[in-house]
Amino acid sequence: AFVDVYTQGAEELTGWNPDTVRASVFIATDPKKGRCLYARQTVQPGSIVFVEDPLVLSLPEEDPELWDALQQIERTSSLRFPAPWHLAALQCLLHSTDADLAVCLDKFVPECGALQCPDIFRVLGGLEEMGYDFTRPVDPHQYHHLLQVWRYNSFGHHTDNNGMVMYDTASIMAHSCDASACWHFGHSDQFVCRARRIIRAGEEITISYLSDDDLAKATSVRQGLLGAWWFTCTCPRCTSPDKARGLVCPACCGTIIPGADGGPTPCQACDTVPDAVDWNQLTQSEAKAGALLASATSRTPVSQLLEVQAEVGRWAALGRHWIGFWVDGLLRRAYARAKRWPLAAWFAERRVRYLELVLPRASPLLAWAYVDVAEALREASRDERAQEGAVGPADRESDPVVGGRYFHRAYSMLVICCGEEHLFSRSVLQRWAGDADPGETGWTMPAVGALGGARQRRVASPQPSSPARRVEEHTRADDEEHKGTGVLPFSPGPRGPVAGDRDVARALLRTAYVHGCLTVQYASFWDQW
């Protein structure tokens, strides 16, 4: 775990206080959703919407005696709420100022009625038996209410799995599966909210209550997970045809996207609408594959994963179903562990194509998917050069070129999600450069989002050895060298197919295609394999 996720001072996070936050956003009541947060002015992608310090911070280290007592009570009693939530509620009651406590008690909770949670009396009784010294009286009703407040309004701490954080403004933001904003931690547990896309003045600011991994799943799965917050999401993704469930048309093998109601829509290729029998068969096969996926882990043998993938391929459109996306992820990790990099690159790129279709906005999930492709392509290129006996200091200079476009996309997305100085953004630069220190190497890359359209954003002084510069130079040189020759840059050489492995051939085909090959060359390369 790391305490400071910024490598430098990050001046953009300084100077924020409650007054500057209120100058950037305002709270208004939506008739269907209640209190929501809105932007006072237009915010560009990647720009900070607001930065907020914690209202209340709950950490076991702040009251170790209370934490040890709660853990003991949890071991001996059946508690409905886990110990960290009880710790947060009690610390809020015992140690917060009257003003902060009033703000917490004003937070949204579902209608919970009379005091019915047996946890309250078990915990208070257990603490009294242990002789815990309460610094002030504890009202059971307030205790019960604060349990609900922390349950529905808090954020997990980034360095302590048992820690929790409460923010005043951030807790107002509503959920959307296509959120307009994202957030990350800053210095001293700051909540940093950034725009994922243009947010117009007066437009609602939303974040996702779900992880990026869960957002890549089907609407029905997301709705089930959101049931823990006692609401039904009505965002554009949840009320539109579900792109995460592309199914095969029984008539032409085209793609059918289920509608918002879960029923079939016309095939995108032939306009056929499957009848009830065909549709039931498709959905039953989908449910069967979902059950198989639930039992699959990173330790599942590749042979079993390929069987699941084959089952998915019978009824799911290629690269357009969330179950296939997750199986692709397991296969990518399995082939990466086995150092079969061409296949790892093949499945990593399939994941990228799915995310670009289903979740195209900037997100860490898509950014790291780009990195997976880039690193697999680079390792495949290194292995190929090693087999040809061409590895040496000069060859390693070309490492940042292989997959450089994917590294560039990943960096651009992470700049939007968390800024240039965040550890995630700079780690992509380090991985792109291999062993080089990006702070010493120098980088100049096209800016994105709030950084401007055609402007260049300089991270450090440009140097001749910059990987970004080498990408451009090598690509231009390859285009000139192979123009009109029918020969591909980064060709796998004359060795021919690898033991008849068609998937390896496809992966190597894409390795060549990434480096700017023309369509005619692409087809020619496939014919050679």
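Predicted model: local features only at pLDDT ≥ 70, side-chain atom pairs only at ≥ 80, totals over all residues.
## Helix α6

Let's start with α6, which runs over residues 140-153 and has 14 residues. From its first C-alpha to its last it reaches 20 Å, close to the 20 Å expected at 1.5 Å a residue. At the start of the helix, a side-chain oxygen of aspartate 139 comes to within 2.9 Å of the backbone nitrogen of histidine 141.

How much of α6 is covered? Most of the helix is: 10 of its 14 residues are buried. Among them are Tyr143, His144, Leu146 and Leu147, and the list also takes in Arg151, Tyr152 and Asn153. As for what they pack against, the helices are α3 (83-95), α4 (98-105) and α5 (119-129), and the strands are β4 (56-58), β5 (155-156) and β6 (164-166).

Two of those buried residues, Arg151 and Tyr152, also meet as a charge over a ring: arginine 151 lies over the face of tyrosine 152, at 4.7 Å from the ring centre.

## Two positive phi angles

Aspartate 189 isn't a glycine, yet its phi is positive, near 65°. You'll find aspartate 189 in the loop between β8 (181-185) and β9 (191-195). Is this residue buried or exposed? Its relative accessibility is 12%, so aspartate 189 counts as buried, the cut-off being under 20%.

Tryptophan 230 is another non-glycine with a positive phi, about 60° here. This one sits in the loop between α8 (219-226) and β11 (245-248). With 66% relative accessibility, tryptophan 230 counts as exposed.

## Aromatic pairs

How many aromatic pairs does a search of the whole structure find? The count is 18. One of the pairs is tyrosine 132 with phenylalanine 134, an edge-to-face arrangement with 5.2 Å centre to centre and 85° between the planes. Tyrosine 132 is buried at a relative accessible area of 10%, while phenylalanine 134 is partly exposed at 24%.

Then there's tryptophan 368 with phenylalanine 424: the ring centres are 5.9 Å apart and the planes are at 80°, so this pair is edge-to-face. Tryptophan 368 belongs to helix α13 (residues 364-387) and phenylalanine 424 to helix α16 (residues 423-433), so the pair ties together parts that are 56 residues apart in sequence.

## A cluster and another charged contact

Six aromatic residues form one cluster: Phe50, Phe155, Tyr167, Trp183, Phe185 and Phe191. Elsewhere, arginine 351 lies over the face of tryptophan 326, at 5.9 Å from the ring centre.

Technical notes
Residues numbered from 1 in each chain as written. Heavy atoms only, no water. Helix = DSSP H or I, 4+ residues; strand = E, 2+ residues; numbered from the N terminus. Expected span 1.5 Å × (residues − 1). Buried < 20%, exposed > 50% of the residue type's maximum accessible area, 1.4 Å probe, protein only. Contact = heavy atoms within 4.5 Å. Polar contact = N/O pair within 3.5 Å; in protein donor to acceptor, adjacent residues only side chain to side chain. Phe/Tyr/Trp six-rings, centres within 6.5 Å; stacked < 30°, edge-to-face > 60°. Lys NZ or Arg CZ within 6 Å of the ring centre and 35° of its normal.
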